[in-house]
Amino acid sequence: MSRLNNAPLIDAATGRTPSRLPVWFMRQAGRSLPEYRKVREGIDMLDSCFMPELLAEITLQPVRRHDVDGAILFSDIVVPLKAAGVGVNIVPGRGPVMDAPIRTRQDVENLPILDQDVPEVREGIRIILDELNPQQALIGFVGAPFTLASYLVEGGPSKNHEKTKALMHAEPETWHALMERLTPTIISFLELQMEAGIDAMQLFDSWAGYLNERDYREFVLPYSTRILAAAEGRVPRIHFGVGTGELLGAMSEAGSEVMGVDYRVSMDVAAKRVSARTLQGNLDPALLFAGDDAIRGAVRTIKDEVAAAQAAGDIDTHIWNLGHGVLPTTDADAVTRAVAIIHEEG
């Protein structure tokens with residue numbers, strides 16, 4: 001029996017009318033919160049993802065402070081790689097950096113696959129669920145295979161993904177072998193989260209927006225589809241990528257109930273591009289620096305776009321979010337006020 005009762009986020013994700021406008025923000029747990037900076041002081045980012053009490057505390061901090069309708073599991077896109085035994089560290093100011101990049105077929109064959117439990121994450125989820133009330137959903141988190149593959153091939157973050165694209169096109173068999181190697185690790189990490197009791201999941205693709213639709217369909221879509229299929233009928237599925245306005249139609253074919261929309265595409269336009277019946281998004285995170293009047297105006301604009309999409313029969317429901325994540329220097333009080341404004345407008 002579900003612990004949830006009348007949870008707005010889950011109601012919206014499953015096409016039911018929520019009791020209030022559901023809202024959560026990507027990166028709502030993180031550097032914008034002084035309490036986060038305090039508890040993370042002196043602790044490595046990836047280490048904190050494997051400390052049950054700490055990852056639970058960080059996950060819960062924005063729920064307590066901001067009155068959001070969903071907690072997003074504190075994790076990182078490379079956590080399942082780390083758990084599998086891949087040498088990776090998160091370098092402050094840069095991001096995930098690999099000890100050794102993946103460049104050859106032999107490198108791919110040597111890449112570990114996550115085939116064991118990650119009890120620290122499982123225990124963290126238990127702690128989180130004990131505190132959340134029946135209206136607050138816990139959203140699980142996995143990184144999409146293209147983004148993970150790019151980190152592995154480039155050796156770290158990349159502005160152009162040239163090594164990644166070169167491998168795709170010069171050695172497509174090696175690329176597909178890499179994706180076949182990564183997909184079970186991602187599914188394994190998702191499975192343990194579902195077994196531990198998450199209420200929904202998001203597949204997050206940081207770098208898919210650097211691809212054209214043709215390449216996305218050939219090199220990425222089959223694997224994202226397989227990952228989302230692992231959660232079918234078990235938890236509502238959210239799919240989001242950064243800068244993916246031109247890929248929304250293809251991405252929605254992967255099979256999620258909810259499609260995330262970034263701030264570059266209006267909600268009514270996005271609704272015509274997707275097959276999902278629920279959209280998520282898409283307040284520009286920079287507007288959290290612009291004051292309450294600007295936020296309120298943007299919220300009303302997005303609300304009108306959603307209403308137009310609903311009137312046209314393109315979508316049924318909407319989950320509020322940013323069109324990417326909370327920026328690190330955002331005033332935490334501005335986040336709280338934005339959530340309150342969204343709830344008020346409902």
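Ser206 counts as buried because its relative accessibility is 13%. Buried means under 20% relative accessible area, exposed means over 50%, and partly exposed lies in between, with a 1.4 Å probe and protein chains only. The model is predicted: local features need pLDDT of at least 70, side-chain atom pairs count only at pLDDT 80 or more, and totals for chains, interfaces and linings use all residues. Residues are numbered from 1 along each chain as its sequence is written, and side-chain values use heavy atoms, with hydrogens and water left out.

Stay with Ser206 for a moment. Ser206 sits in the loop between β5 and α11 (213–219). Helices (H or I, at least four residues) and strands (E, at least two) are DSSP runs, numbered from the N terminus. Not counting residues up to four places away in sequence, Ser206 touches Ile77, Thr147 and Val242. Contact means heavy atoms within 4.5 Å.

Now turn to the pockets. Rolling a probe the size of a water molecule over the atoms shows where empty space is left. The search uses a 1 Å grid over the protein atoms alone; a pocket is an open set of points where a 1.4 Å probe fits, with protein on both sides within 12 Å along at least five of seven lines, and lining residues have an atom within 4 Å of a point. Grid points are joined across faces, edges and corners, and a volume is the space filled by probe spheres set on the points.

The largest pocket has a volume of about 1,300 Å³. Its lining has 40 residues, and Arg27, Arg31, Met45, Asp76 and Pro96 are the closest to its centre. The strands β2 (88–91), β3 (95–98) and β5 (200–205) each supply at least two residues of this lining. By class, the lining of the largest pocket has 23 nonpolar, 11 polar and 6 charged residues. Nonpolar covers Ala, Val, Leu, Ile, Met, Phe, Trp, Tyr, Cys and Pro; charged covers Asp, Glu, Lys and Arg; the others, Gly among them, are polar.

Arg27 lies in the loop between α1 (8–13) and α2 (34–39). Its phi is near 60°, a positive value in a residue other than glycine. Arg27 counts as partly exposed, because its relative accessibility is 42%.

The second largest pocket has a volume of about 270 Å³. It is lined by 17 residues, and Pro18, Leu21, Val306, Gln310 and His318 lie nearest its centre. Two or more lining residues come from each of α15 (292–311) and β9 (317–319). Helix α15 gives the largest share, 4 residues. By class, the lining of the second largest pocket has 6 nonpolar, 7 polar and 4 charged residues.

His318 belongs to strand β9. His318 counts as buried, because its relative accessibility is 8%. Leaving aside neighbours within four places in sequence, the contacts of His318 include Ala12, Met267, Gly281 and Val306. Asn282 is in the loop between β8 (278–280) and α15.

Next come two helices. Helix α7 (residues 119–131) has 13 residues and reaches 19 Å from its first C-alpha to its last, close to the 18 Å expected at 1.5 Å a residue. That expected span is 1.5 Å times one less than the number of residues. The buried residues of α7 are Val121, Gly124, Ile125, Ile128 and Leu129. Seen down the axis of α7, these residues fall within an arc of 135°, so they line one face of the helix. The arc is that of the directions from the helix axis to the C-beta atoms. The buried residues of α7 pack against α4 (52–66), β4 (137–143) and α10 (172–196).

Helix α9 (residues 162–170) has Thr164, Leu167 and Met168 as its buried residues. Down the axis of α9 they fall within an arc of 100°, so they line one face of the helix. The buried residues of α9 pack against α8 (145–154), α10 and α11. His161 is in the loop between α8 and α9. Its phi is near 60°, a positive value in a residue other than glycine. His161 counts as buried, because its relative accessibility is 1%.

Last, visit Arg65 in helix α4. Arg65 counts as partly exposed, because its relative accessibility is 28%. The C-alpha atoms of Arg65 and Ala332 are separated by 8.7 Å, though the two residues are 267 residues apart along the chain. Leaving aside neighbours within four places in sequence, Arg65 is in contact with Leu33, Pro34, Glu35, Ala332, Asp333 and Thr336.
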